Amino acid sequence: MSAAGIDDPHGAYVLRLADSNLVLAQRLGEWIGHAPALEEDLGLANTALDLLGQARLLLTHAGDLEGRGRDEDALAFLREERDYRNVALVEQPNGDFGDTIVRQFLYDAWQVELYGRLGASRDRQLAAIADKALKESNYHLRFSAGWVVRLGDGTPESHERVQGSLDRLWPWTVELCEPDDIDHAMLAAGVGVDLAAVRAGWDRRVDRTLSEATLVRPADHPWRWFGKRGQHGEHLGRLLAEMQSLHRAHPGAQW
Amino acid sequence: MDTAALAERFQARIDADERIEPKDWMPDAYRRTLIRQMSQHAHSEIVGMLPEGNWITRAPTLKRKAILMAKVQDEGGHGAYLYGATETLGVTRDALIEELLAGAARYSSIFNYPTPTWADIGAIGWLVDGAAIMNQIPLCRCSYGPYARAMVRICKEESFHQRQGYDIMLALARGTDAQRRMAQEALDRWWWPALMMFGPPDADSKHSAQSMRWRIKRFSNDELRRRFIEFTVPQAEYLGLAVPQGEIDWSEFEQVLAGHGPCNRERIAARRRAHESGRWVREAALAWADKQRSKRREAV
């Protein structure tokens with residue numbers, strides 16, 4: 001049983017936030033050393049480090065809430081993909097720089113809205129993590145939104161490429177602001193946030209940047225896919241296999 | 001003043017341990033030597049991101065992952081800082097990077113070796129950063145001001161990296177049999193290449209004498225190598241690891257330098273791929289900046 005997910009809604013809620021950050025940090029980690037220019041390498045690494053730091057705090061908190069002695073590494077390295085609760089957007093492959101930037105922008109805009117409200121959570125530990133994370137996310141959003149604008153309103157080639165990225169990634173944004181049972185329960189308990197309010201703020205931020213970038217907001221997608229409930233595509237399994245390989249090859253070892 | 005008099009005054013300033021600054025007169029050969037050495041140093045930081053980046057996605061704990069990510073990011077920062085310092089000598093970063101991608105510029109040969117296991121990340125921090133510090137601390141007093149100042153900042157971070165690398169080795173050395181074996185094999189792999197980082201023996205070092213006169217270099221290759229061994233052998237003993245015995249195989253050094261190391265082609269190919277696949281991004285950024293400039297002009 002030590003490798004399972006967390007059933008308690010409060011722990012599960014925190015774990016979702018942790019997993020999304022961890023998976024995206026892992027994706028961004030693949031870029032380091034390979035970005036289009038040195039400054040972008042440093043910028044992506046900076047975002048990756050912040051997200052990893054947030055993930056570690058949130059995983060530790062989720063483990064404490066669960067109360068079964070699982071630390072950040074037990075949760076990160078010893079769960080299967082079906083027990084990962086990240087939003088599906090973040091497990092999408094890096095693609096080209098435009099794909100990575102659009103994925104980042106859509107996520108950053110959501111995080112800023114989310115963390116801004118989580119600061120008022122009755123879970124004081126979660127609120128403290130959110131307060132610290134909000135400053136970082138604002139910075140990430142400046143970096144990613146700045147690039148969405150430059151690529152969207154840059155050359156005809158960059159415009160076409162980044163519009164394609166937006167069209168491909170858009171369907172994965174649906175779950176960001178669509179509440180399910182855990183979201184409803186945590187809102188009622190004063191722990192979680194109102195996703196309808198997050199949605200309104202996210203819409204405003206996304207629309208403003210897309211307009212500046214001369215990009216067209218895609219139509220909302222009819223189908224629903226919930227990474228946060230454990231529905232994953234074909235990519236997460238490989239990402240975790242790579243991330244967990246060394247840790248799992250030496251059970252119980254200290255590093 | 002004629003060139004001979006300028007050269008004499010220049011050498012007098014060097015001998016008095018004064019710093020040379022970008023706007024000061026300097027002999028062309030001094031400028032060329034610095035451009036070569038500083039840009040090689042910058043390239044080494046950038047290429048050095050690759051062998052360690054190889055383990056970011058597989059680090060065995062989240063803490064180790066965070067430390068490694070920060071370290072590789074620091075190296076990118078060092079690269080940016082050193083390219084900036086080199087630009088004070090009248091070259092552009094773009095031109096220097098073009099040379100690297102064309103295979104016309106050198107970087108530290110050590111990064112042409114692979115990192116097959118996690119222990120290699122420990123060994124790089126401990127030995128490669130350790131050797132780099134030995135080489136670089138004297139550069140903090142180098143006669144060229146911008147280089148000396150860059151090195152002060154870089155050395156602080158490098159010594160941090162060295163301790164982190166040793167800490168990885170310590171955890172492995174105190175770990176399971178498999179972890180200890182991993183640590184010993186990494187030491188076996190990196191020991192000789194680390195010793196080669198100090199350059200050829202003094203008798204065969206073609207740039208050394210002039211660089212010493214210019215106070216770009218303050219200690220000979222063999223002297224620094226000897227200090228590194230004295231410093232490192234007790235550390236290996238503390239880990240319970242055996243330092244390889246024998247002599248440096250200088251033919252291996254020549255081979256790797258000539259482009260025939262295990263990863264030379266791969267490293268340059270990775271840099272080229274990043275550069276080529278990022279072209280459209282850099283073009284977009286330039287086009288956007290141009291548009292902003294025209295908009296501002298229209299608004300005036």
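**Two chains, residue by residue**

Q: What relative accessibility does B:Asp17 have?
A: B:Asp17 counts as partly exposed. The scale calls a residue buried under 20% relative accessible area, exposed over 50%, and partly exposed in between, using a 1.4 Å probe and protein chains only. For B:Asp17 the value is 39%.

Q: What kind of model is this?
A: Residues count from 1 along each chain as its sequence is written, chains are lettered from A and ligands numbered from 1 in the order in which they are written, and side-chain values use heavy atoms, with hydrogens and water left out. Local features need pLDDT of at least 70, side-chain atom pairs count only at pLDDT 80 or more, totals for chains, interfaces and linings use all residues, and the model is predicted.

Q: What is the phi of B:Asp17, which lies in the loop between α1 (3-15) and α2 of chain B?
A: Most residues other than glycine have a negative phi. B:Asp17 is not a glycine, yet its phi is positive. The value is about 65°.

Q: Which loop holds B:Arg215, another residue with a positive phi?
A: B:Arg215 is not a glycine and has a phi of about 55°. With a relative accessible area of 23%, B:Arg215 is partly exposed. Helices here are DSSP runs of H or I with at least four residues, strands are runs of E with at least two, and both are numbered from the N terminus. In those terms, B:Arg215 sits in chain B in the loop between α8 (208-213) and α9 (221-239).

Q: Which residues have the most contacts inside the largest nonpolar core?
A: A nonpolar core is a set of buried Ala, Val, Leu, Ile, Met, Phe, Trp, Tyr and Cys residues joined through side-chain atoms within 4.5 Å. In soluble globular proteins, nonpolar side chains tend to be buried together. The largest core here has 166 residues, and those with the most contacts inside it are A:Leu106, B:Tyr30, B:Trp118 and B:Tyr144.

Q: Which residues does A:Thr209 touch, apart from those up to four places away in sequence?
A: A:Thr209 is part of helix α8 (residues 195-212) of chain A, and it is buried at a relative accessible area of 10%. Contact means heavy atoms within 4.5 Å. By that rule, the partners of A:Thr209 are A:Phe105, A:Ala145, A:Val148 and A:Val149.

Q: Where does B:Arg58 lie, given that it touches A:Glu242, A:Met243, A:Ser245, A:Leu246 and B:Lys65?
A: Those contacts leave out residues up to four places away in sequence. The C-alpha atom of B:Arg58 is separated by 24 Å from that of B:Ala194, 136 residues apart along the chain. B:Arg58 itself lies in chain B, in the loop between α2 (28-53) and α3 (62-87).

Q: How many salt bridges does the structure hold?
A: A salt bridge is a side-chain nitrogen of Lys or Arg within 4 Å of a carboxyl oxygen of Asp or Glu. One of them joins A:Glu30 and A:Arg27 at 2.8 Å, N to O; A:Glu30 is partly exposed at 30%, while A:Arg27 is buried at 6%. Over all chains, the number is 41.

Q: How many residues apart in sequence are the parts tied together by A:Arg56 and A:Glu72?
A: The two side chains form a salt bridge of 3.1 Å, N to O. A:Arg56 lies in helix α2 (residues 38-66) and A:Glu72 in helix α3 (residues 72-77) of chain A, so the pair ties together parts whose separation in sequence is 16 residues.

Q: What is the distance between the closest N and O atoms of A:Glu66 and A:Arg70?
A: A:Glu66 is buried at 17% relative accessibility, and A:Arg70 is buried too, at 8%. They form a salt bridge, with those atoms apart by 2.7 Å.

Q: Which residues does A:Asp180 touch, leaving out those up to four places away in sequence?
A: A:Asp180 sits in the loop between α6 (156-169) and α7 (181-188) of chain A and is buried, at 6%. Its contacts are A:Arg16, A:Lys228 and A:Arg229.

Q: At what angle do helix α5 (residues 124-152) of chain A and helix α12 (residues 279-299) of chain B pack?
A: Axes are lines fitted to C-alpha atoms, for helices over the stretch in contact, and angles run from 0 to 180 degrees between N-to-C directions. The two axes are 8 Å apart. The helices pack at an angle of about 85°.
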